[in-house]
Amino acid sequence: MTLSLLEPKEAQLGKHLALAYWSAYDVPAHGMESGMPRVFVGLLKGHERMPWVSEPIYRFDPLEATGRTCEGRTYRLEGMPGYNAAVMQAWTDWKHLHGVRNAIDAGEEVLESILLAHRMAQSADLRRLGMKART
């Protein structure tokens with residue numbers, strides 16, 4: 001599938017996308033009072049594993065490993081973060097196109113939040129099972 005820069009992404013790809021060999025980066029934004037938008041970078045699954053940089057993520061659910069953009073698109077991070085040469089080239093090209101020089105790798109932070117959310121959910125399930133066994 002060849003993407004056209006002239007057509008909206010929604011028309012070409014849909015609203016729910018999955019990324020493999022993913023990472024996350026905080027990107028300095030001009031004119032923002034505080035914080036930095038976070039973008040996901042990875043291979044789009046189901047789209048010939050095309051390298052991709054997401055729109056800025058405004059809400060992240062670590063238990064579901066999904067990020068939502070203001071445009072309404074949802075990105076699901078699949079598996080562990082990873083390295084892929086095509087993804088890194090797309091990320092380098094994206095940074096150059098958008099004049100980004102000081103992006104901060106947040107992949108480890110995102111992975112830690114996912115793992116913590118799963119440990120907490122598992123612990124809550126075990127407590128709930130234990131409570132049922134006593135009654």
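Among contacts in the protein (heavy atoms within 4.5 Å) between residues at least 6 apart in sequence, 55% join residues at least 24 apart. The model is a predicted one, in which local features need pLDDT of at least 70 and side-chain atom pairs count only at pLDDT 80 or more, while totals for chains, interfaces and linings use all residues. Residues are numbered from 1 along each chain as its sequence is written, and side-chain values use heavy atoms, with hydrogens and water left out.

Read from the N terminus, the elements follow the order α-β-β-β-β-β-β-α-β-α. Of the 135 residues, 35% are buried, where buried means under 20% relative accessible area, exposed over 50%, and partly exposed in between, with a 1.4 Å probe and protein chains only. The accessible surface of the protein amounts to about 8800 Å², and carbon and sulfur atoms account for 56% of this surface. Accessible areas come from the Shrake-Rupley method with a 1.4 Å probe, and for residues only the protein chains shown count as cover.

The strands may be followed through their pairings, a pair requiring that DSSP finds at least two bridges between two strands. Strand β4 (residues 57-61) pairs with strand β5 (residues 66-69) in the antiparallel sense over four bridges, and Phe60 has Gly67 of β5 as its bridge partner. The two strands form a hairpin with four residues between them, and Ala65 in the turn has a positive phi of about 55°. β5 also pairs with strand β6 (residues 74-77), in the antiparallel sense over three bridges. In this pairing Arg68 stands opposite Thr74, and Thr66 has Arg76 as its bridge partner. The hairpin of β5 and β6 has four residues between the strands, with Gly72 at a positive phi near 90°.

Ala18 is placed in strand β1 and is buried, at a relative accessible area of 9%. The C-alpha atoms of Ala18 and Leu77 are 6.0 Å apart, although the two residues are 59 apart in sequence. Neighbours within four places in sequence left aside, Ala18 is in contact with Leu43, Leu44, Lys45, Arg76 and Glu78.

Ser23 also lies in strand β1, which comprises residues 16-26. Ser23 is buried, with a relative accessible area of 9%. The side chains of Ser23 and Asp105 are joined by a polar contact of 3.4 Å. Such a contact is a pair of N or O atoms within 3.5 Å; within protein, one must be able to donate a hydrogen and the other to accept it, and residues adjacent in sequence count only if both atoms are side-chain atoms. Beyond its neighbours within four places in sequence, Ser23 is in contact with Val39, Phe40, Val41, Asp105 and Gly107.

Val39 and Phe40 are also touched by Ser54, as is Tyr75, not counting residues up to four places away in sequence. Ser54 is found in the loop between β3 and β4, and at 3% relative accessibility this residue counts as buried. A polar atom of the Ser54 side chain lies 2.8 Å from the backbone nitrogen of Phe40.

Helix α2 (residues 85-98) has 14 residues and reaches 20 Å from its first C-alpha to its last, close to the 20 Å expected at 1.5 Å a residue; the expected span is 1.5 Å times one less than the number of residues. The buried residues of α2 are Val87, Trp91 and Trp94. They cover an arc of only 65° around the axis, and so lie on the same side of α2; the arc is that of the directions from the helix axis to the C-beta atoms. An α-helix has 3.6 residues a turn, so residues three or four places apart point the same way. The cover over the buried residues of α2 includes β1, β2 (38-44) and β3 (50-53), whereas Ala85, His96 and Leu97 are exposed on the other side of α2. At the start of α2, a side-chain oxygen of Asn84 reaches to within 2.9 Å of the backbone nitrogen of Ala86. After α2 comes Gly99, with a positive phi near 65°.
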